[in-house]
Structures are given as structure tokens and as C-alpha cells.
Amino acid sequence: MKKIFKRPISLKQVPFRFCPGCGHSLIHRLIAECIDNLGIRERVVGIAPVGCAVFAYDYFNFDILEAPHGRPPATATGLKRAMPDRIIFTYQGDGDLAAIGTAEIIHAANRGENISVFFVNNATYGMTGGQMAPTTLPGQKTTTTPSGRNTKTAGFPLRVSELLSTIEGASYIVRTSVDSYKNLINTKRAIEKSFRYQIEERGFSLVEILSPCPVDWGFTPKDSIIWLRKEMMSVYPLGTLKDKFKGKNKWKKELL
Amino acid sequence: MARILAVSGNEAVAEALRQVNPDVCAAYPITPQTELMQRFASFVSDGIVDTELILVESEHSAMSTCIGASAGGGRVVTATSSQGLALMWEMLYIASGLRLPIVMPVVNRSLSAPINIHCDHSDAMGARDSGWIQLWSENAQEAYDNTLQAFRIAEHMDIRLPVIVCMDGFIIGHSIQRIEYLEDEEVKKFVGEFKPLNPLLDIDNPKSYGPLILPDLYHEYKRAQHEVMTKVKDIVLDVAEEFEKIGGRRYGLFEAYRLDDAETALVILNSAAGTSKDVIDEFRERGIMAGLLKPRLFRPFPYEEVANALKHLKAICVLDRADSFGGYGPLFMEVSSALYQVRERPRMINKIYGLGGRDYLPQHAEQVLSELVEIAKTDKVEIIKEYIGVRE
């Protein structure tokens with residue numbers, strides 16, 4: 001019988017240790033599948049964040065550099081400039097990218113750095129146990145906003161992708177989700193496109209991925225998917241926010 | 001009547017902050033401090049305190065927010081650990097240079113790289129020269145008591161300096177211990193009303209904080225910071241004396257444990273001192289004259305008092321839960337400097353222990369004390385600095 005489904009070689013033969021219903025393992029797999037498909041595993045260096053995805057080096061079967069909290073885009077900049085023939089991506093949560101590292105992501109985008117950023121938005125600080133993040137929804141209960149986020153004192157959900165799409169240096173900004181099979185396929189396409197843009201030296205790209213955090217949201221994995229669709233997607237609508245090269249996506253195969 | 005409870009170190013310090021009811025608090029989570037600010041956030045949310053809580057986006061902003069609030073004339077707190085304290089580095093010097101009485105519990109954790117969330121003292125030792133007062137705490141009770149005293153010390157009109165209160169991450173921060181809380185009224189009376197000094201927005205007396213000072217006066221400004229630090233010791237002792245009247249627990253610049261008639265001693269900070277004291281008792285039972293000195297006020301360092309407490313010994317070991325790579329451990333350097341000024345001094349060794357949460361076990365204290373007995377006998381030191389509890 002023909003084997004039609006297998007573990008990507010870009011993932012190590014180890015089980016994921018994320019919480020039940022967490023989106024990280026899906027996103028890790030999608031990234032690994034794209035790297036396999038493009039045949040770039042030996043050219044890839046990933047930047048691991050601080051947060052739940054800090055253990056990226058335990059799962060990905062290629063080189064990983066661990067950066068301080070919020071600094072992956074700056075670290076990736078240095079790495080890419082030093083080794084322009086390598087494929088560099090950062091994997092960052094909303095605590096990393098949208099809070100402590102806001103400056104780094106804006107300036108990496110503004111310089112049009114030729115890197116791929118995979119931004120996992122779960123509307124909370126997951127690793128530290130569910131505190132309010134800048135991406136937390138109004139009224140959302142977290143451990144630091146037990147009565148719900150009050151926009152008068154704690155601000156509004158920060159739409160990083162919309163913000164970055166106004167920056168001239170950014171080439172491709174898209175928001176996807178991992179709540180359904182269809183959206184998983186769309187996320188995979190976006191990740192692959194981001195890698196292709198980098199391979200073709202088209203500059204900065206970012207894929208924001210809405211991802212459930214059942215444990216910190218206090219829902220079952222199933223209910224967290226419902227909450228993600230109903231509440232998160234109305235604040236963070238899915239879709240392509242910017243594509244400088246729209247309609248010019250005939251890939252140069254020889255580059256792969 | 002004191003309330004006796006079983007709580008974690010983080011919970012105890014959060015309770016101290018609730019009783020103090022500060023004006024402004026900037027919070028940003030970091031393991032192992034997270035629980036502390038989280039508990040305080042629930043006090044704010046429940047309306048139990050009137051504190052203006054600001055959920056900032058980084059520790060860099062947390063300390064900047066504290067600086068603004070403190071210069072504006074408020075009683076201000078935040079808390080952090082590890083990388084958080086490291087990210088505040090720039091702001092730490094500004095808070096102390098502007099003489100702002102901010103109080104900050106630091107739940108000690110190691111520094112990256114490699115990333116590690118467990119206890120050592122590298123974070124606070126990195127802030128050693130920042131001009132902040134540092135109080136260290138062996139257990140939850142001391143962390144609670146030191147936090148309350150920190151407000152009195154920081155806000156003292158003769159000094160007005162920021163204070164860090166250290167406790168060991170996880171070992172104390174997350175462990176449930178017996179604690180005696182003071183009554184809210186007692187705390188309120190002890191801490192007193194916050195008195196702003198030269199606050200901003202005093203329209204009749206406009207002022208600037210932190211203007212440019214070039215070589216003509218910067219040197220004098222820094223000397224003034226040194227001068228004010230020399231006053232801290234007495235204030236720490238006065239506050240401790242007053243605290244003893246209500247809390248019944250006695251604090252000094254350091255704790256001297258069975259030291260007066262000792263021949264050998266350990267010098268060690270925070271929770272590991274507790275482990276060591278048990279071992280010292282065992283050695284005493286075997287007729288070995290061992291003792292211990294546990295610094296409480298690390299900055300400013302009480303050089304003369306420490307030297308006086310240790311000078312009669314034959315051999316001492318300073319144990320550091322932090323390293324200065326290529327140098328001796330930071331506590332060893334202080335104790336050596338203190339003892340250099342006395343003519344007759346003990347032989348000294350330095351052991352680095354417990355980095356990144358490596359357990360400090362009673363047998364480590366036994367091993368070190370046995371080595372000290374040998375040094376006292378032979379008057380010979382083979383190796384000055386060594387790692388203990390390390391896998392070879």
C-alpha cells in the first residue's frame with residue numbers, strides 16, 4: 001500500500017507537549033510541512049520566542065536560535081543579513097510580538113527585512129498563565145483583569161497586522177486561523193507563500209494565526225474554537241491585509 | 001493579634017502590598033514573580049485597594065511608569081524577576097538618580113542564556129551598582145516583613161531611595177510556609193501616610209527631574225548619591241527597631257547565627273541560609289564550633305559591621321548563588337573587601353552553588369563546613385573559588 005500521510009521530516013520524532021486543544025502543535029506541523037514541500041530544510045534557521053513556543057527547538061528538525069523576549073525580529077535581521085542565502089523565520093506569540101517586542105516588529109517591517117514572521121495570536125499571555133495581553137478582547141477575563149478588560153484603563157485589542165500593513169516596507173501581511181480544516185489549508189498556503197516571498201527576495205512578510213488557548217481561556221477545546229470564531233474573528237477578521245506582489249505569483253522553480 | 005496562615009512567598013508579599021495600598025502599581029508578568037502581581041491585580045479588581053494598576057507591555061515600561069508616577073508624588077510599586085529586572089537596567093539608574101522611593105519585590109531567578117526560569121541571584125546581583133537599596137529575605141515571613149519595612153526605608157525624608165526586596169524564586173516564592181500577618185491597622189500606622197517630596201505639578205514651585213548635567217557638576221551629583229547611601233544603615237536599623245515593637249521579630253543589617261563563639265562560618269544569602277542553619281546545629285552537637293552570617297542589607301553593604309562579626313573566625317566560606325565569570329562570586333568580593341581592612345582575618349574560600357535552581361542540599365553545607373574545619377586546622381587554602389553540587 002502507498003503511504004500517503006507521514007510526519008514531516010522537518011519535525012523531530014517526538015510528541016508535542018502542548019496543552020489539549022492548543023493551536024501550537026498544528027502551526028508547528030504546518031510550518032514543517034511547508035519547509036518539506038519547498039525542500040529548504042537544510043537552509044532554514046528558526047528563531048524561537050519566549051512564551052509557550054519557547055520549546056520550538058524540541059520539535060523542529062533544523063537549527064533554532066532562542067532570542068530574548070520580543071527580540072526575534074531584530075535577531076532575525078542580523079541572522080538574515082549575515083547569511084542572506086538562508087531562510088529565516090521567527091515564531092512569536094502575541095506577548096512576544098505585540099507587547100514587549102512591538103518596537104522590533106515595526107522596525108523590521110519598516111526596513112523591509114527579507115524574513116518570514118509567524119505570529120500566533122491567542123489573545124492572552126499563555127506561558128505565564130493567562131494574563132491580559134494587548135491583544136486581549138474588551139471584557140475578556142484574564143488573571144490580571146478578573147472582571148474583564150476595561151478599555152478605559154487597559155486599552156483596546158491591538159491589531160498588529162492592520163498596523164503593519166500601513167508600513168511601506170512590508171510586502172505580505174495576512175491573518176488566518178487554525179479553527180477548521182479550511183482555515184488550516186489557508187494558513188498553510190499563507191506560510192508557504194511567506195517562505196516563497198523570502199526565497200524570491202520580496203521582503204518582509206507576516207502571517208498572523210488566530211490560535212485557541214483553552215486552558216487560559218477557561219474553555220474546553222471545543223468551546224474555545226467556538227469562542228475563537230465568534231469573538232476573536234469579529235475583532236480580528238481573517239484575510240489578506242497587504243500583498244505588494246498580488247497577481248505576480250508565478251514562482252521561479254529554479255530558486256527552490 | 002497576628003493572623004497566622006500558610007501562604008506562598010508571592011502571596012505574602014502581595015498581602016503586604018494590599019495592606020500598604022500604594023497609589024500606583026505597574027504590572028508585567030514574568031515567572032516566578034507573575035503570581036505576586038496577579039494576586040495584587042485581583043485586589044484592585046475587587047476594589048479592596050485604591051491602587052491605579054497599569055498593565056504595561058514590558059518591564060522597561062513598568063519601571064518607566066513607576067518613575068513617572070513616583071516623580072508625580074505617588075507611593076509606587078512594581079515587582080519583577082530575572083530578564084525583567086535586566087530589561088529595567090537603564091531605568092533602575094534613573095529611579096535611584098532621581099531619588100524616587102519606589103519599592104520593588106524581586107523574586108530571584110537566573111538570567112539567560114541559556115533560558116532558565118529557576119532560582120539564582122544573578123538578576124539582583126546585576127542591579128548591585130544601580131543605586132537601589134537591597135534587602136534579602138530567607139523565607140516568606142522575612143519577605144513580608146522586609147516589604148513593609150522597605151516603604152519606611154525608601155520614603156525616609158533623609159534618603160528617598162528606591163528599594164529592592166529579594167526572595168528566592170520558586171523555593172520561597174511558590175512554596176507554602178507559615179506566616180504571621182500584622183493587622184491592617186498596624187501596617188497602616190507603621191507605614192504611615194505617603195509624604196511627597198518635591199513632586200511635579202506643584203504649580204507654585206515648578207521643577208524639573210533629571211535635567212542634563214555635564215562634567216561641571218555630574219561628579220558632585222554622584223558623590224551626593226554615595227553620601228546618601230551612607231545614611232541608609234542607621235535608617236534600616238531604626239525602622240527594624242520600630243518594626244520589632246509591632247511585629248515582635250528582630251531584624252538587623254544581617255543575621256548572625258551561632259557566630260560569637262564560632263571558629264568557622266558560612267556566609268550565605270536567602271533561603272539556603274535556612275538549610276545551612278540546620279547543618280550548623282548538627283555540627284555544634286558534634287562539638288564543632290560552626291556559625292553563619294546571612295546578609296540582609298546587601299546594598300549599601302555594611303562592611304565594618306560584617307568585618308567585626310567575622311574577624312575572630314579561623315576560616316569562612318562565602319557561598320554565592322551567582323557568578324561573576326572570570327571573577328569571584330559577588331558576595332565573596334564584598335566580604336573579602338570588608339575583611340581586608342582588619343589586620344587579623346580568617347582564611348576565606350568561595351563556593352558557587354545552586355545556579356539555575358540546582359538544589360542546595362544539607363550535604364553541600366556539610367561538605368563545605370568539613371572543608372573549613374580542615375582549613376582552620378592547617379591554615380592552608382588549596383583552591384579559593386570552586387563550584388559545588390556540579391555534575392562533572
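Analyst: The largest pocket in this predicted model holds about 980 Å³ of space. Its lining is made up of 48 residues, and those that lie nearest the centre of the pocket are Val50(A), Gly51(A), His69(A), Met127(A) and Ile115(B). Two or more lining residues come from each of strand S3 (87-93) and helix H4 (94-100) in chain A, and likewise from each of helix H2 (34-45) and helix H4 (82-87) in chain B. Sorted by class, the lining of the largest pocket has 23 nonpolar residues, 18 polar residues and seven charged residues.

Turning to chain B, which contributes Ile115(B) to the residues nearest the pocket centre, its secondary structure comes to 14 helices and 15 strands. The C-alpha trace of chain B spans about 70 × 55 × 45 Å along its principal axes. Chain B has a radius of gyration of 21 Å, which agrees with the value near 21 Å that a compact globule of 392 residues would have. Of those 392 residues, 55% are buried, that is, under 20% relative accessible area. Where contacts in chain B join residues at least 6 apart in sequence, 80% of them are between residues at least 24 apart.

Conventions
Residues numbered from 1 in each chain as written. Chains lettered and ligands numbered in written order. Predicted model: local features only at pLDDT ≥ 70, side-chain atom pairs only at ≥ 80, totals over all residues. Heavy atoms only, no water. 1 Å grid on protein atoms, 1.4 Å probe; cavity = no way out; pocket = protein on both sides within 12 Å on 5 of 7 lines; lining within 4 Å. Points joined across faces, edges and corners; volume = space filled by probe spheres on them. Helix = DSSP H or I, 4+ residues; strand = E, 2+ residues; numbered from the N terminus. Nonpolar A, V, L, I, M, F, W, Y, C, P; charged D, E, K, R; others polar. Rg over C-alpha atoms; globule rule 2.2 N^0.38 Å. Buried < 20%, exposed > 50% of the residue type's maximum accessible area, 1.4 Å probe, protein only. Contact = heavy atoms within 4.5 Å.
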